[in-house]
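Me: I would like a close look at one part of this protein, with the rest brought in as the setting for that part. Please keep it plain and tie each point to the residues concerned.

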Amino acid sequence: MYLQNPAATALHELQTAPWVRFAALALSSIFFLVDPFAAIGSFLAITARADAEKRNRMARKACITCFIVLTSFALCGQLIFRLFGITLPAFEVAGGLILLLIGLDMLEAKRSATQEASGDTEEASLKEDAGIVPLGIPMLAGPGAISSVMVLVGQVPRFFGYEMGLILGAITVTCVISYFVLAAAGRIRIVLGETGIRILVRIMGLLLVALAMQFFVNGLTDLGVIAKQ
């Protein structure tokens, strides 16, 4: 008689659990769009004249701003859908296109114009405190991250379901990691170097392009353009 390994069985059940798959989707899509590693160069340029304490304060303020913006759209996402009569498939297609454009820029190891417009870094470096704008929004919480959160919220069947908790948890984890990345931006840049950061951004860009295409295909399938398999 063949005996199954209890540990292997438990691991398989965990991997195939709906909440695990949704949690992985939420965390990966939000984190790749916030992308704190790609913001290291801009953050160091903006805070070049700041001391360590002020740099940490600006990183903290930027991540808190990112958390507030993304959480607000997560909590109000379904209301926005109903208010403007937007369907999830339409937003999936639009969001997929936005993520695709950002992902293609990341494959070239550069910041998308939706996250950082030309001259933002130079202008922000002259500000006394650029933690909220442009660091918090749009460099961290840009249109791509907001679109990703909205698409995820559109898949939530109940407002108080576990999916909403996973989305808010993914936003929280992303913002916490982003704070530690920005607070240690100088050390990370030394350890990874410019080449290492670019490679990391390119890898995240490749995964983001695949995620964008999945959103796009899901939207076309839900609209009936592509037949369900």
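Which residues does Phe215 touch, not counting residues up to four places away in sequence?

Reply: Leaving out residues up to four places away in sequence, Phe215 touches Glu92, Gly96, Leu99, Ser148, Val151 and Gln155. The model is a predicted one. Phe215 itself belongs to helix 10, which runs over residues 185-223. Helix 5 covers residues 88-107 and helix 8 covers residues 143-154. Gly96, one of the residues touched by Phe215, is 119 residues away from Phe215 in sequence, yet the two C-alpha atoms are 5.1 Å apart. Phe215 has a relative accessible area of 2%, and because that is under 20%, Phe215 counts as buried.

The protein consists of 10 helices and has zero strands, and along the sequence the pattern is α-α-α-α-α-α-α-α-α-α. When contacts between residues at least 6 apart in sequence are taken, 84% of them join residues at least 24 apart. Of the 229 residues, 45% are buried. The accessible surface is about 11,900 Å², with 67% of that area on carbon and sulfur atoms.

The largest nonpolar core holds 58 residues, and the ones with the most contacts inside it are Ile30, Ile40, Leu70, Leu140, Ile167, Ile171 and Leu208. At least two residues of this core come from each of helix 2, helix 3, helix 4, helix 5, helix 7, helix 8, helix 9 and helix 10. Leu70 shows how separate stretches of chain meet there: with residues up to four places away set aside, Leu70 touches Ile30, Val34, Ala141, Ala145, Ile146, Val149 and Ile171. Among these partners, Ile30 and Ile171 are also listed with the most contacts inside the core.

Ile30 and Ile171 also take part in a contact between two helices, helix 2 and helix 9. The axes of helix 2 (residues 18-34) and helix 9 (residues 162-183) come within 9 Å and cross at roughly 40°, and the crossing is right-handed. On the helix 2 side the contact includes Trp19, Phe22, Ala26, Ile30 and Val34, and on the helix 9 side it includes Leu166, Ile167, Ala170, Ile171 and Thr174. Sorted by class, the residues of this contact are 16 nonpolar, two polar and one charged. Gly169 is partly exposed, because its relative accessibility of 30% falls between the 20% and 50% limits.

Asp35 sits in the loop between helix 2 and helix 3 and has phi near 45°, a positive value in a residue other than glycine. Asp35 is also buried, with a relative accessible area of 1%.

Thr65, in helix 4, is buried at 10% relative accessible area. Beyond its neighbours within four places in sequence, Thr65 is in contact with Gly131, Ile132, Gly136 and Ile137. Ile68 lies in helix 4 too, but at 48% relative accessibility it counts as partly exposed. The C-alpha atoms of Ile68 and Ala141 are separated by 9.3 Å, although the two residues are 73 apart along the chain.

Most residues other than glycine have a negative phi, and most peptide bonds are trans.

To return to the part you asked about: Phe215 is a buried residue of helix 10, and its contacts include Leu99 and Val151.

How values were computed: Residues are numbered from 1 along each chain as its sequence is written. This is a predicted model: local features need pLDDT of at least 70, side-chain atom pairs count only at pLDDT 80 or more; totals for chains, interfaces and linings use all residues. Side-chain values use heavy atoms; hydrogens and water are left out. Helices (H or I, at least four residues) and strands (E, at least two) are DSSP runs, numbered from the N terminus. Buried means under 20% relative accessible area, exposed over 50%, partly exposed in between (1.4 Å probe, protein chains only). Contact means heavy atoms within 4.5 Å. Accessible areas come from the Shrake-Rupley method with a 1.4 Å probe; for residues, only the protein chains shown count as cover. Axes are lines fitted to C-alpha atoms, for helices over the stretch in contact, and angles run from 0 to 180 degrees between N-to-C directions. A crossing is left-handed if the near helix is turned anticlockwise from the far one by less than a right angle, and right-handed if clockwise. Ala, Val, Leu, Ile, Met, Phe, Trp, Tyr, Cys and Pro count as nonpolar, Asp, Glu, Lys and Arg as charged, and the others, Gly among them, as polar. A nonpolar core is a set of buried Ala, Val, Leu, Ile, Met, Phe, Trp, Tyr and Cys residues joined through side-chain atoms within 4.5 Å.
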